[in-house]
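Here is a note for a colleague who is meeting this structure for the first time. Please read the points below with the sequence and the model side by side.

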Amino acid sequence: MENQTLMQYFEWYLPNDGQHWNRLAEDAPNLASKGIRKVWMPPAFKATSSNDVGYGVYDLFDLGEFDQKGTIRTKYGFKEDYLKAIQTLKANGIEPMADVVLNHKAAADCKERFTVVEVDPNDRTKVLSEPFEIKGWTKFTFPGRNKAYNDFKWHWYHFTGTDYDAKNNKSGIYLIQGDNKGWADDELVDNENGNYDYLMYADIDFKHPEVIQNLYDWAHWFIETTGVQGFRLDAVKHIDSFFMKNFIRDITEKYGDDFYVFGEFWNGDETANNDYLESIDYRFDLVDVKLHQNFFDASKSGADFDLRTIFDHTLAKNHPESAVTFVDNHDTQRGQALESTVEEWFKPAAYALMLLREAGLPCVFYGDYYGISGEFAQESFQDVLDKLLDIRLNLAYGEQTDYFDDANCIGWTRQGKDDGQPIAVVVSNDQASSKRMLVGPEWASKEFSDYLGKISQIVTIDEEGWGEFPVEEKSVSVWSVK
Ligand code: CA
């Protein structure tokens, strides 16, 4: 089977010009030619304003169609542009994947009065007050949509908590009181801060039957309206995993196992990831946060990092079938909430460690591919990524043999397709070095060269099938027959 590659087609600082869906549609043939087979698009829903990246979702039924929150279009364009981009991706053999933000709702239409207790932000299981009444932003009526597609109205009892009391003009974390209210069970959400159900805005209560029904209604409407072929689930560590497991089970039963789903479980802890995958019956994949953290640490530590440990405690190692690997994303780029940007010198090596190995579904970040402009600018890595993507698409197949035998220089080989040629990859985080690796006696006396073009010399394979493959200082080279 052909190697699959995912691309995250956005970064945080895209211009608010409503043209991104059009750019994506125009780029689809190019992406397909590079071997991109899935595209993760940014959230398409009407959010707090046209400048919202998409995570402050206001209305899941408004894809840039109704005059709400001061705009018809979203940051990325109009609904018809989104639908056209999706159709164009599919026409080019790329599966479009929607970023689905279900944890919270923002920018309510009206305030309501209801009873809460205030909890400790550092331990949300610890109640700081007696019950009292607040005025909170929890009533969503969507007047600009006027009941098109769906007439559900949200009220305070559809949420678990909120963070602002308009009555006293006071911010805090307020746990909503009432029958069957409360945070999601501790076992069903991340346990940071005692219980990490609450992230931001009005936090959706996945225990409420009306909420569950509305989200199922929405999912069917959304999938059938747009034709998306997969979901990226935002913030799943803050969402009741029992709901999510059932929700994705029911969607994939209806739309087929080819409907691909992965979740953002932002936690680098090995046990937490293993437990979460088990709790959802492995029904969707997870982003490999620990591998990103290892890449980040390696880039910061230089020669002090032991490259032999680069896959330690990662999903790629523990659950390669469930891992979506990535180098950086819209949250880890400079200036963002989870800033942990892999330093530029290590990015080509990190991408090689992701794109040229067996484990995981690799995700190429738009900001790395096209670069980032503005205050937090970053150069484009398109040249090296195009080479790595080409090697992934055409050569990085077959048995993988690791030579993780030196703290500062590691390598691996791939045997290639049955009728194909092998590759030998070398990574150094210190001075120039080389790695002796076996590509097979059938390649004796053949000349290998560096597909990344960093080194111009030729490596001739010896009679037993071994080669001594060099790498420059703090660099990566990929050797094969030209
Ligand atoms: Ca939540």
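**Notes on the structure**

1. Gln-400 has Arg-414, in strand 19, as its bridge partner. The two strands concerned, strand 18 and strand 19 (residues 409–414), run antiparallel and are joined by 4 bridges; strands here are DSSP runs marked E of at least two residues, helices are runs marked H or I of at least four residues, and both are numbered from the N terminus. Two strands are said to pair if DSSP finds at least two bridges between them.

2. A word on the basis of these remarks: this is a predicted model, in which local features need pLDDT of at least 70 and side-chain atom pairs count only at pLDDT 80 or more, while totals for chains, interfaces and linings use all residues. Residues are numbered from 1 along each chain as its sequence is written, and side-chain values use heavy atoms, with hydrogens and water left out.

3. The pairing in point 1 belongs to an open sheet of 6 strands, which are arranged in the order 18-19-20-25-22-23 with antiparallel pairing. Strand 18 (400–403) and strand 23 (459–460) stand at the edges with a single partner strand each, so one side of each is left without a neighbour in the sheet.

4. Strand 20 (residues 423–428) pairs with strand 25 in the antiparallel sense over 5 bridges, and Val-426 stands opposite Ser-477 of strand 25. Strand 22 (residues 447–450) is likewise antiparallel to strand 25, with 3 bridges between them, and here Asp-450 stands opposite Trp-479.

5. Strand 15 (residues 285–287) pairs with strand 16 in the parallel sense over 2 bridges, and Leu-286 has Ala-323 as its bridge partner. Strand 17 (residues 361–365) is also parallel to strand 16, over 3 bridges, and the partner of Phe-326 there is Cys-363. Together with helix 8 (residues 347–355), strands 16 and 17 make a right-handed β-α-β unit, the term right-handed being used if, with the strands pointing away from the viewer, the path from the first strand over the helix to the second runs clockwise.

6. How many aromatic pairs does a search of the whole structure find? There are 43 of them, a pair being rings of Phe, Tyr or Trp (its six-membered ring) with centres within 6.5 Å, called stacked if the planes are under 30 degrees apart, edge-to-face if over 60 and tilted for the rest. The rings of Phe-45 and Phe-222 are 5.5 Å apart at their centres with planes at 55 degrees, so this pair is tilted. It links distant parts of the chain, 177 residues apart, with Phe-45 in the loop between strand 2 and strand 3 and Phe-222 in helix 3 (residues 209–226). Phe-45 is buried at a relative accessible area of 2%, as is Phe-222 at 0%. Phe-265 and Tyr-276, by contrast, form a stacked pair, with 4.5 Å from centre to centre and 25 degrees between the planes.

7. Pro-42, in the loop between strand 2 (38–40) and strand 3 (46–47), is buried at 1% relative accessibility, and its contacts (heavy atoms within 4.5 Å) beyond four places in sequence include Tyr-9, His-20 and Asp-99. His-104, in strand 6 (residues 104–105), is also buried at 1% relative accessibility, and its side chain reaches the backbone oxygen of Tyr-55 at 2.8 Å.

8. Finally, two charged side chains are placed over rings, meaning that NZ of Lys or CZ of Arg is within 6 Å of the ring centre and within 35 degrees of the ring normal. The charged end of Lys-69 sits over the ring of Tyr-58, 4.5 Å from its centre, and Arg-357 lies over the face of Trp-412, at 4.9 Å from the ring centre.

How values were computed:
Buried means under 20% relative accessible area, exposed over 50%, partly exposed in between (1.4 Å probe, protein chains only). A polar contact is a pair of N or O atoms within 3.5 Å; within protein, one must be able to donate a hydrogen and the other to accept it, and residues adjacent in sequence count only if both atoms are side-chain atoms.
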